[in-house]
Amino acid sequence: MYNSISGPYFGIWVFHTPHFVAKDPEIIKQILVKDFKYFPDRTIASNEEADEIAANVLFIMKNPNWKALRSKMTPVFSSGKIKCMIPLMNSVAEELVGYLAKLSSQSDSIEIKEVCAKYATDVVTSCAFGIEGRSFEKEDGAWRSVGRDMFAFTFANGLRSTSYFFLPKLVDLFKIKFIPAHVSQFMIDAMKILTDTDLIDILIKLQNEDFDGYKFEGTRVIAQAAQFFLAGFETTASTVSYTLYELCLNRSIQDKLVTEIKTTLQQHGSVTYEAIQDMKYLHKVVQEILRKYPVLPFLDRTTMMDWKIPGTDITLEAGTPVYIPLFALHHDPKYFPNPEVFDPERFSEENINSRPCFTYIPFGGGPRNCVGERFGLISTKLALVHILSRFEVECSSETPVPIDFEPKTFVLASKVGLPMRVVDVKRRPSYAA
Ligand code: HEM
């Protein structure tokens, strides 16, 4: 629809409701930033009676409760706090390397998305909850299993996300759960054994506070912890695995990246926060991955008050759902020529400055943008640094080219995962020499 309809915006019907879709970057900026007071909430359903945990995660919460909690949760993601998490991430990444070394000696094609999901799961559980996820120890580790169930391509999950994103009234009517019941119960039980982390510290301090009538207690506290797991692992796993996929297809980019990683690590001695920040080409590669494969293919907002579309006499009535077609913007040849070509140089300073703002928004924008951006970026890059220091990646006979995306999930996922050949350079005869 984005490609076939010209003009700065258009309207669509989703079932019985008219929706507004913004195409023009200026209008997008207006919605996300300048006129935020008109668009402080997402369209997605939020109903405590239907799903107490889901209704209290930042992504789904409505105002005024969202505003009160967002400002309290933001400090968890400061660069100082994230820097302190690097040793924990490094230790999970070392387990990842050991696991990949074993798998690569046994199999010619490895489903890398699943391996990255194990890494991302254990990073979140150790950094946010202070417990070991142990996802590499067995295939059906408890945390990985519930994570898998949350994002599985099942009919039930498809129905859940369709009703939450597009038919909120159905959620209210039938009290549909966003998070499968056994996943919620697992979270409630798990939160009882959490240990000392910055996140838990903040939650304990806030517990029992009253934010203008929103009492922060019980399941509401658990929801704030659970959201780290729900929002944190699929996003990171997806970004790491799409990067490895593109590196299979683009050997010269892989070589250039490996050279940068090796040189920087020689200078810094080990994988530190500063070393990762110094890897400028790695940053360009990850930015280009998030252009081509944005985890969330669209953003949603809803009008709180009647809003006049800038430069027109058209008014959107309060309550109108609004969509920002993130994936389509990132693939628009007007902003990204030959959009299917993977080219990290699109993110050179010069190229970034030549594009209009709000054409590249993988973490959303404005006050309601992704709160975990720093955490997501650093845990993604750290995994890539560890993997590419030890392995080369290549297409196997099972690697899907091109990727066929799964329509039953709200995140951008390949129908068949991302299988590829992972070559352990330590096993190469030339390595010993
Ligand atoms: C590569 C990794 C990630 C990507 C691409 C990503 C992307 C996004 C996007 C597009 C949004 C919607 C923003 C908007 O509507 O303007 C979002 C929201 C959010 N993300 Fe992320 N995310 C990532 C990692 C994480 C991580 C690691 C966490 C937490 C540990 C996290 C927590 C959240 C939360 C809580 C929200 C809702 C924010 C709010 O409404 O206040 N994300 N993310």
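1. Let's start inside the protein: Leu 96 is buried, at 1% relative accessibility. (Buried means under 20% relative accessible area, exposed over 50%, and partly exposed in between, using a 1.4 Å probe and protein chains only.) You'll find Leu 96 in helix H3, residues 79-106. Helices (H or I, at least four residues) and strands (E, at least two) are DSSP runs, numbered from the N terminus.

2. Before going on, a word on what you're looking at. This is a predicted model, where local features need pLDDT of at least 70 and side-chain atom pairs count only at pLDDT 80 or more, while totals for chains, interfaces and linings use all residues. Residues are numbered from 1 along each chain as its sequence is written, and side-chain values use heavy atoms, with hydrogens and water left out.

3. What does Leu 96 touch, leaving aside its neighbours within four places in sequence? Its partners are Val 115, Tyr 119, Phe 136, Ala 383 and Ile 387, where contact means heavy atoms within 4.5 Å.

4. Now zoom out to the whole chain. DSSP gives the protein chain 17 helices and eleven strands. Of its 433 residues, 57% count as buried. Take the contacts between residues at least 6 apart in sequence: 72% of them join residues at least 24 apart.

5. How about the overall dimensions? The C-alpha trace spans about 70 × 50 × 40 Å along its principal axes. The radius of gyration is 22 Å, which agrees with the value near 22 Å for a compact globule of 433 residues. (That radius is taken over C-alpha atoms, and the globule rule is 2.2 Å times the number of residues to the power 0.38.)

6. The accessible surface of the protein chain is about 19000 Å², and 55% of it belongs to carbon and sulfur atoms. Areas come from the Shrake-Rupley method with a 1.4 Å probe; for residues, only the protein chains shown count as cover. There are 48 positive and 52 negative side chains, and the centres of the two sets lie 1 Å apart. Lys and Arg count as positive and Asp and Glu as negative, with His and the chain ends not counted; each charge is placed at NZ of Lys, CZ of Arg, CG of Asp or CD of Glu.

7. Have a look at the backbone too. Most residues other than glycine have a negative phi, and most peptide bonds are trans. Asn 63 and Pro 64, however, are joined by a cis peptide bond with omega about 5 degrees. Pro 64 sits in the loop between helix H1 (25-34) and helix H2 (65-73). Val 401 to Pro 402 is also a cis bond, with omega near -5 degrees, and Pro 402 is in the loop between strands E10 (391-394) and E11 (419-424).

8. Phe 15 isn't a glycine, yet its phi is positive, about 50 degrees. Phe 15 lies in the loop between strands E1 (9-14) and E2 (17-22) and is exposed, at 54% relative accessibility. Asn 338 has a positive phi of about 45 degrees and is exposed at 57%.

9. Last, Cys 370: an unreviewed UniProt entry lists this residue under "binding site". UniProt positions follow the numbering used here, feature names are shortened, and annotations may be inferred rather than shown by experiment. Cys 370 is partly exposed, with a relative accessible area of 32%. Not counting residues up to four places away in sequence, Cys 370 touches Arg 70 and Phe 363.
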